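Dear colleague,

Please find below the structure I promised to hand over, together with its sequence. My findings follow it.

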Amino acid sequence: MGFTTFWDKLFNPQKNTHEESRENAHIPTAEATTGCDVYDENGHHIDRTFDYRSGFHWVEEHPGHFVWLQLRDPNRRQMTHVGRVYNLHELLVEDCSTDHQRPKLESFDDSLTLVARTLRYVDHEVIDNPADAVETGEVVLVAGKNYFISIQHGNGHSLDRVHKRLSHNPEDLAQGPMMCFYSVVDHVVDSYLKVAALMDNDIDDLEEEVFDPNTDIDIDEIYAVKREVLEIKHLISPLRTPLHELCNSDQIYVDEDIRSYFRDVEDHLLRAISDVHGFDEVLSSLIAAAAAKVGVEQNVISRALSAWAAIIAVPTLIASIYGMNFTFMPLLEVHGAYYVVVALMVVWSVTMYMVFRRKKWL
C-alpha cells in the first residue's frame, strides 16, 4: 500500500467509504442472491433455475405460484434493481439495503415488512473474549401477494435450516408467502431461546466460580458477559411491539390461522426476554458478590500484614535502640544481657503470633 493510499484510509475515511461504495455499485445483483425458488399452489418446488427477474416473471404468469428470493448483504444499487422488478416502495428498498436497524413492522402498499435482529452463539473454544460469545446480525422479511424476500445482514443466525425444512413440507408452502414469513420469524425467535439456554450455562459456571472459595475471581469476565447480556436485551426487546401488532392489529391484514401462529411466536419471544432480564439481575448480583469477596480477601490480607507488623514491632524497636553507636548504654556491660534481650524478643514474637493465630488473623 502506497503512502498516499494509507494516508487517505487513515485520515479521510469518508473518501474511502465513497470509493468502496463506487466499487460495490458495479457488483451484479446475482452476487447478493443466495437462492431464488418458485413454488406452485400446492407448495411443490418448480424444478427450474430462476434469478430474481425470471422468478418474479414466472409467478406473474402463473397465478397461485410464489417466489422466495434470498439475499445476503445487498447494497443500495442491488436492492434498487430488485425493487424495480418487485415494485417495492423506495423506503422499503432503503430499509432492505441498510443494516443495524431497530426491529420494526411496516406495511408498504400490498407488502408487509419486518426487521428483526438475529443471534448466533459462538463456542468459547474459538474466542478469547466472553463478550464475543454471541454474534449479531439482521434479517429483513418482505411478504407480498406472490413473493417472499428474505434479506440477511451480518453474521447472525442463518436461515438455511428453515428454508430446507419448508422445502420438505409442501403443505406449509401451499399457504403462501405469509407462512414463509411466519416460519422465518419463528426460527429467529427460537434461536433467541437457544442462545439464552447456552448463556444460562455460562452464567451458572460464573456463579460457581464466584462462590467457590478456592477459585480466584476474574470480575472483568463477569462484566464482559453482563455487557453481552445488555446488548442482547436491547436487540430483542423491541421486537415485542411488531409481534404484538401482527397478533392483534386490525390495520395489518394477516390470515387468522397464521395470526394464531404468531401468538405462539410472541409467547416464545416474551420467554426469551424474561430469560435475558433474569440474566441481567443474576449478573448484577454476581458482580456485587464478587466485589464483596474481593473486599473480604483484601481485608484478610490487611489483617495478616497488620499482625506481622505487630509481631516484629517490638524486636525491631529493641534492635534499633541497641544498634545506636553510643558508648554508655544500659546493660552493655552486664554479663548475659544480650541473651536476655534476644529471649525477650523471641518470647514477644511467639506470644503475639499465638494471639493472632487464636484470633484467626494469621
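In this predicted model, helix 10 (residues 240–248) and helix 11 (residues 256–321) are roughly antiparallel to each other, because their axes cross at roughly 155° and angles over 145 degrees count as such. The two axes come within 8 Å, and the crossing is left-handed. Helix 10 contributes Arg240, Leu243, His244, Glu245, Leu246, Cys247 and Asn248 to the contact, while helix 11 contributes Arg259, Phe262, Arg263, Val265, Glu266, Leu269, Leu270 and Ile273.

Beyond its neighbours within four places in sequence, Phe262 is in contact with Met178, Phe181, Tyr182, Val185, Leu243, Leu246, Cys247 and Val254. In the largest nonpolar core, which has 60 residues, Phe181 and Phe262 touch the most other members. Elements that each supply at least two residues of this core include strand 2 (66–72), strand 4 (111–121), helix 9 (219–236), helix 10 and helix 11. Helix 8 gives the most, with 17 residues. Apart from this core lies another, of 26 residues, among them Tyr52, Leu69, Val85 and Leu92.

Lastly, I draw your attention to Asn42, in the loop between strand 1 (33–39) and helix 3 (52–61). Asn42 is partly exposed, with a relative accessible area of 44%. Not counting residues up to four places away in sequence, Asn42 touches Pro170 and Ala174. Asn42 and Glu171 are 129 residues apart in sequence, yet their C-alpha atoms are 6.9 Å apart in space.

With kind regards

Note on methods
Residues are numbered from 1 along each chain as its sequence is written. This is a predicted model: local features need pLDDT of at least 70, side-chain atom pairs count only at pLDDT 80 or more; totals for chains, interfaces and linings use all residues. Side-chain values use heavy atoms; hydrogens and water are left out. Axes are lines fitted to C-alpha atoms, for helices over the stretch in contact, and angles run from 0 to 180 degrees between N-to-C directions. Helices (H or I, at least four residues) and strands (E, at least two) are DSSP runs, numbered from the N terminus. Angles under 35 degrees count as roughly parallel, over 145 as roughly antiparallel, 65 to 115 as roughly perpendicular and the rest as oblique. A crossing is left-handed if the near helix is turned anticlockwise from the far one by less than a right angle, and right-handed if clockwise. Contact means heavy atoms within 4.5 Å. Buried means under 20% relative accessible area, exposed over 50%, partly exposed in between (1.4 Å probe, protein chains only). A nonpolar core is a set of buried Ala, Val, Leu, Ile, Met, Phe, Trp, Tyr and Cys residues joined through side-chain atoms within 4.5 Å.
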